[in-house]
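Visitor: I am new to this structure. Could you show me how to read a few of its features?

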Amino acid sequence: MTPTFSICVYCGSRPGERQEFSAVAHAVGRWIGEHGGQLVYGGGRTGLMGTVAEATRTAGGRVVGIIPKALVDKELANPLCDELHVVDTMHERKAMMGERADAFVALPGGIGTFEELFEIWTWRQLGYHDKPIGILDVAGYYAGLLDFLAHSVREGFMGDWQMGLIRSGGEAPALLEALIEEAGRHPRGDKLAEVL
């Protein structure tokens, strides 16, 4: 069955210290699968990456993993992906993730998650794409970052319009639905999708 939407999830290859992080990764994956979607992600099977992929797969969703050769052993590439692309560089990974997704969402993660989020946001600012981007602020994980971004606007290094290129929220279903709707897609189970 062809997925009704494709969403790229950026998240940690570690589980983090709070149970809420793994719980939200599972909830995001389950939502993607239950709504007929496709997960595009970094291709690992550890941490939140593994959790979101397995939850998507077991809920009936399609899983596309994209991982550079250098990280195959480190992140234990997930052989259960419907598609597992092993690429040469991080640049190829991020470009393919960007091409394969209708929207993007960041869950808790580390420097790799931050870098991917900021790069896809920069690409949108530059007009390389116009796909929605979200930050899922679980247990206040991104509160400090969001405060800092607002500070950057106040200090004149960013504009409100740039902040308008991303959305944030603390509830996975509401944020995911908003991103998919903004992308012009309709998750299965959505009343509008059933009418169409």
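Guide: Gladly. Let us begin with the largest cavity, which is lined by Tyr10, Lys94, Glu116, Glu119, Ile120 and Trp123. A cavity is a set of points, on a 1 Å grid over the protein atoms alone, where a 1.4 Å probe fits but cannot get out, and lining residues have an atom within 4 Å of a point. Helix H4 gives the largest share of that lining, 4 residues.

Visitor: How many cavities of 30 Å³ or more are there, and how much space lies in the largest?

Guide: The count is 1, and the largest cavity holds about 40 Å³. Such a volume is the space filled by probe spheres set on the points, which are joined across faces, edges and corners. Before going on, note that this is a predicted model, where local features need pLDDT of at least 70 and side-chain atom pairs count only at pLDDT 80 or more, while totals for chains, interfaces and linings use all residues. Residues are numbered from 1 along each chain as its sequence is written, and side-chain values use heavy atoms, with hydrogens and water left out.

Visitor: What is the volume of the largest pocket?

Guide: A pocket is an open set of points with protein on both sides within 12 Å along at least five of seven lines. Here the largest has a volume of about 520 Å³. It has 28 lining residues, and the closest to its centre are Cys11, Gly12, Ser13, Gly110 and Thr113. The elements E1, H2, H3 and H4 each give two or more residues to this lining, with the largest share, 5 residues, coming from H4.

Visitor: Which residues of H5 are buried, and which are exposed?

Guide: Buried means under 20% relative accessible area, exposed over 50%, and partly exposed in between (1.4 Å probe, protein chains only). An α-helix has 3.6 residues a turn, so residues three or four places apart point the same way. In H5 the buried residues are Leu146, Leu149, Ser152 and Val153. They sit on the same side of H5 because they cover an arc of only 110 degrees around the axis, taken from the directions from the helix axis to the C-beta atoms. On the other side, Asp147, Phe148 and Arg154 are exposed.

Visitor: What covers the buried residues of H5?

Guide: Contact means heavy atoms within 4.5 Å. The cover includes helix H4 (111-125), strand E6 (133-136), helix H6 (160-163) and strand E7 (166-169). After H5 comes Gly156, with a positive phi near 85 degrees.

Visitor: Is Ser6 buried or exposed?

Guide: Ser6, in strand E1 (residues 5-10), counts as buried because its relative accessibility is 5%. A polar atom of its side chain lies 2.7 Å from the backbone oxygen of Arg100. Leaving out residues up to four places away in sequence, Ser6 touches Gln38, Val40, Arg100, Ala101, Asp102 and Ala103.

Conventions:
A polar contact is a pair of N or O atoms within 3.5 Å; within protein, one must be able to donate a hydrogen and the other to accept it, and residues adjacent in sequence count only if both atoms are side-chain atoms.
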